[in-house]
Amino acid sequence: MQRVMIVGSGHLAHALWEGWHQNPRQPRTISLLARSGAHRHLWTQDVWSTVHFDVDSIQNYDVIVLTVKPKDGPSALAQIVPNMRSDAVLVSPMAGWSIAQLRSYGVCGPIARVMPNVSAAIGASTTLAAFDGLDQTGQEEIARFLGECGTVTVVEEALINPYTALIGSGPAYIFLLLQSLIRGGQRLGADEGLTRELVSSMVEGAARLVRDRSQDSLDDWIRQVASPGGTTEALLAVLDRAGWPLMIQDAVVAASRRADELGVPS
Ligand SMILES: NC(=O)c1ccc[n+]([C@@H]2O[C@H](COP(=O)([O-])OP(=O)(O)OC[C@H]3O[C@@H](n4cnc5c(N)ncnc54)[C@H](OP(=O)(O)O)[C@@H]3O)[C@@H](O)[C@H]2O)c1
């Protein structure tokens, strides 16, 4: 049976934990190694009562998932590396942290550098992975494990920072859009709960259309919705005046630059 230790008890740890417990494709034990009770509120009493605080226990695990903030990477690695088995796989979703950087902190065994997102909580993460020191079978095994939390795409490591800006951080663009749409609806007197349900479903449908009909350009889709003099044209004029399309592109570039900065040891 595979034994997995999630290091960190914050938001991503919780999302992955939920995803792995909803859709397990093989028997395994998943444990949590926490630093403090600062994120205790995310967890049920049942789970929290099993949490480890003792870093020595790391030696009993086959897969270590390092869900600490990039700034905590050095101290966390200083604690866990001496206790890791040499064949244990380190799975690192830390933004910006390269495989070479993980190696410079003494990680000798196999590494999966990954970029999931919080939709892992419902098995809907879009996860990217780059591997080092894993043979084909090992890569497939880790990809299957990550796949229990959503889709997994194996990429060159150089693509992880750009895609962190799009995929790891990506739900934030959509959450903000949804929040703005719901607030706009409220200004028109619409019920918050119903609007939340309707606009979430609308976003899901539009996203599926774009993915499934990849032969049609996004310009075509916009044209199909925006008839001259109509309601969509009115909203697009406001967004264009505010520079919204370029603003989103700037946000993507800023997030990717930040990932590059986080990967530079301070
Ligand atoms: N959140 C996302 O949507 C997302 C998506 C993709 C990738 N990531 C990456 O995932 C990582 C975690 O992000 P997050 O949002 O989950 O952060 P978070 O909510 O702040 O959680 C970080 C956790 O790490 C714990 N920690 C720090 N040092 C530790 C140590 N030495 N031993 C054990 N636990 C330790 C913290 O402990 P305390 O509880 O004591 O503070 C906290 O529970 C980051 O590197 C981020 O780049 C996050």
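Leu-90 of the predicted model stands opposite Ile-111 in strand S5. Strand S4 (residues 89-92) and S5 pair in the parallel sense over three bridges, where two strands count as paired if DSSP finds at least two bridges between them. From S4 the chain crosses through helix H4 (residues 99-104) to S5, and this β-α-β crossover is right-handed; the term applies if, with the strands pointing away from the viewer, the path from the first strand over the helix to the second runs clockwise.

The model is predicted, so local features need pLDDT of at least 70 and side-chain atom pairs count only at pLDDT 80 or more, whereas totals for chains, interfaces and linings use all residues. Residues are numbered from 1 along each chain as its sequence is written.

**The chain as a whole**

- The secondary structure comes to 11 helices and seven strands; helices (H or I, at least four residues) and strands (E, at least two) are DSSP runs, numbered from the N terminus.
- The C-alpha atoms fill a box of roughly 65 × 40 × 35 Å, taken along the principal axes.
- Of the 266 residues, 27% count as buried. A residue is buried if 20 or more other C-beta atoms lie within 10 Å of its own, exposed if 12 or fewer, and partly exposed in between, with C-beta atoms placed from the backbone.
- The chain is divided into domain 1 (2-162) and domain 2 (171-262), with bounds that come from an automatic or database domain assignment.
- The centres of domain 1 and domain 2, taken over C-alpha atoms, are separated by 32 Å.
- Eight residues of domain 1 are in contact with six residues of domain 2; contact requires that the C-beta atoms of two residues, placed from the backbone, lie within 7 Å.

**The sheet**

- Seven strands form an open sheet of mixed pairing, in the order S2-S1-S3-S4-S5-S6-S7.
- Strand S2 (28-33) and strand S7 (150-154) stand at the edges with a single partner strand each, so one side of each has no neighbour in the sheet.
- Strand S1 (residues 2-7) and strand S3 (residues 63-66) run parallel and are joined by four bridges; Val-4 stands opposite Val-63 in S3.
- S6 and S7 pair in the parallel sense over five bridges, and the bridge partner of Ser-125 in S7 is Gly-150.
- From S6 the chain passes through helix H5 (residues 136-147) to S7 in a right-handed β-α-β crossover.

**Strand S5**

- Five of the five residues of S5 are buried, so the strand is largely enclosed by the rest of the structure.
- Ile-111, Arg-113 and Met-115 point one way from S5, while Ala-112 and Val-114 point the other way.
- S5 and S6 pair in the antiparallel sense over five bridges, and Ala-130 in S6 is the bridge partner of Arg-113.

- In H6 (residues 160-168), the buried residues are Ile-160, Asn-161, Thr-164, Ala-165 and Gly-168.
- Seen down the axis of H6, these buried residues fall within an arc of 150° (the arc of the directions from the helix axis to the C-beta atoms), so they line one face of the helix.
- The buried residues of H6 pack against S5, S6 and helix H11 (244-262).
- Val-155 lies in the loop between S7 and H6 and is partly exposed, with 14 other C-beta atoms within 10 Å.
- Leaving aside neighbours within four places in sequence, Val-155 is in contact with Leu-128, Ala-130, Ile-160 and Tyr-163.

Key. Axes are lines fitted to C-alpha atoms, for helices over the stretch in contact, and angles run from 0 to 180 degrees between N-to-C directions.
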